[in-house]
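Here are my notes on the model you sent. Please read them with the structure open beside you.

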Amino acid sequence: MSPRPYTDTQPMHVAIIMDGNGRWATQRAMPRVAGHRVGVEVVRKVVEHAPTLGITTLTLYAFSSDNWRRPATEVSTLMRLFRSRLVSEVPRLLDNNVRLTAIGRRDRLPLALADALGEAEEKTARGTTLHMRLAIDYSARDEILRAAQRLASVSEATREDFGRALGGEYDSRPAPDVDLVIRTGGERRLSDFLLWECAYAELYFTDVMWPEFGPKDLESAVEYFQKRDRRFGALSAAG
Ligand code: IPE
Ligand code: IPE
Ligand code: MG
């Protein structure tokens with residue numbers, strides 16, 4: 001995995017809504033959780049390919065706070081899957097110089113998963129090639145609310161203060177704004193993901209279901225990004 005030098009046409013921070021596992025499995029007459037199992041395999045491939053495209057921060061939406069509304073058996077299978085993969089993937093993350101952190105609430109997760117997250121964060125803390133952020137029990141609106149509460153006593157808090165407060169108690173180093181959001185599975189919505197950080201993100205939607213997403217699809221998304229004219233409210237450099 002050799003990272004490419006950064007140019008301003010490459011997205012530094014890519015955030016992915018990994019959607020479509022359940023439908024992918026159902027279409028094949030398999031239980032939904034079979035889709036989740038294949039989905040976690042895809043994560044590894046994407047994490048290993050991302051640095052070759054100049055990506056330095058990759059935020060992956062693994063479980064939203066609203067996903068607790070799913071049947072208990074699907075939820076518990078997901079939690080077990082997250083835990084076992086976290087534990088087994090750490091050596092590979094270390095080999096690839098990846099730093100893993102998690103965003104979202106920790107206090108409602110099974111203890112074994114919360115512990116595994118903490119351990120993975122600790123062991124990979126010195127990774128410099130890629131910062132992989134796993135969003136688990138994550139809700140952007142809850143996170144914004146918590147940041148607002150944290151800053152309630154600060155007079156004239158700036159956007160930077162707010163950005164720092166967002167990462168919250170678990171990661172004091174905030175991630176940069178999102179450059180590119182990718183959503184698989186055909187839906188065109190954000191589902192409460194990184195609402196603050198996506199203020200000027202480019203949005204890429206694909207009908208490819210997450211279990212079938214691969215390095216080539218990541219490249220297509222980056223190519224789409226490279227064709228955009230990011231104006232940030234000003235006029236384009238081309239005039
Ligand atoms: C995304 O796939 C993974 C999680 C939300 C955990 P889904 O499980 O939402 O798959 P679909 O959208 O039902 O196909
Ligand atoms: C968003 O997908 C959450 C994750 C991919 C983890 P959902 O499948 O939960 O989103 P909705 O319900 O279709 O908006
Ligand atoms: Mg879905």
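**Notes on the model**

1. Start with one charged pair. Glu 121 and Arg 106 are both buried, where buried means under 20% relative accessible area, exposed means over 50%, and partly exposed is in between (1.4 Å probe, protein chains only). Their side chains meet in a salt bridge, at 3.0 Å from N to O. A salt bridge here is a side-chain nitrogen of Lys or Arg within 4 Å of a carboxyl oxygen of Asp or Glu. Glu 121 sits in helix α4 (residues 111-123) and Arg 106 in the loop between β3 (98-103) and α4, so the pair ties together parts that are 15 residues apart in sequence. Helices (H or I, at least four residues) and strands (E, at least two) are DSSP runs, numbered from the N terminus.

2. A word on the basis. This is a predicted model, in which local features need pLDDT of at least 70 and side-chain atom pairs count only at pLDDT 80 or more, while totals for chains, interfaces and linings use all residues. Residues are numbered from 1 along each chain as its sequence is written, chains are lettered from A and ligands numbered from 1 in the order in which they are written, and side-chain values use heavy atoms, with hydrogens and water left out.

3. The structure holds 20 salt bridges. Arg 108 and Asp 137 form one of them through their side chains, at 2.8 Å from N to O. This pair links distant parts of the chain, 29 residues apart: Arg 108 is in the loop between β3 and α4, and Asp 137 is in strand β4 (residues 130-138). Arg 108 has 36% relative accessibility, so it counts as partly exposed. Asp 137 is buried, with a relative accessible area of 1%.

4. The side chains of Arg 230 and Asp 179 also meet in a salt bridge (3.0 Å, N to O). Arg 230 lies in the segment after α7 (215-227), and Asp 179 in the loop between α6 (159-167) and β5 (180-183); they are 51 residues apart. Arg 230 is partly exposed at 24%. Asp 179 is buried at 12%.

5. What surrounds ligand 1? Its neighbours include Met 18, Asp 19, Asn 21, Arg 23, Arg 32, His 36 and Arg 70, each with a heavy atom within 4 Å of it. A polar side-chain atom of Asp 19 lies 2.8 Å from a ligand oxygen. A backbone N or O atom of Asn 21 is 3.2 Å from an oxygen of ligand 1. For a polar backbone atom of Arg 23, the distance to a ligand oxygen is 2.7 Å. The protein covers 87% of the 380 Å² of accessible area that ligand 1 has on its own (Shrake-Rupley method, 1.4 Å probe).

6. Asp 19 and Arg 23 are linked with Arg 183, Glu 187 and Arg 189 in a network of salt bridges.

7. Now the core. The largest nonpolar core has 41 residues, and Ile 16 and Leu 58 have the most contacts inside it. Such a core is a set of buried Ala, Val, Leu, Ile, Met, Phe, Trp, Tyr and Cys residues joined through side-chain atoms within 4.5 Å. Helix α3 (residues 72-95) gives the largest share, seven residues. Apart from this core lies another, of 13 residues, among them Ile 103, Ala 135, Val 178 and Cys 198.

Notes
Polar contact = N/O pair within 3.5 Å; in protein donor to acceptor, adjacent residues only side chain to side chain.
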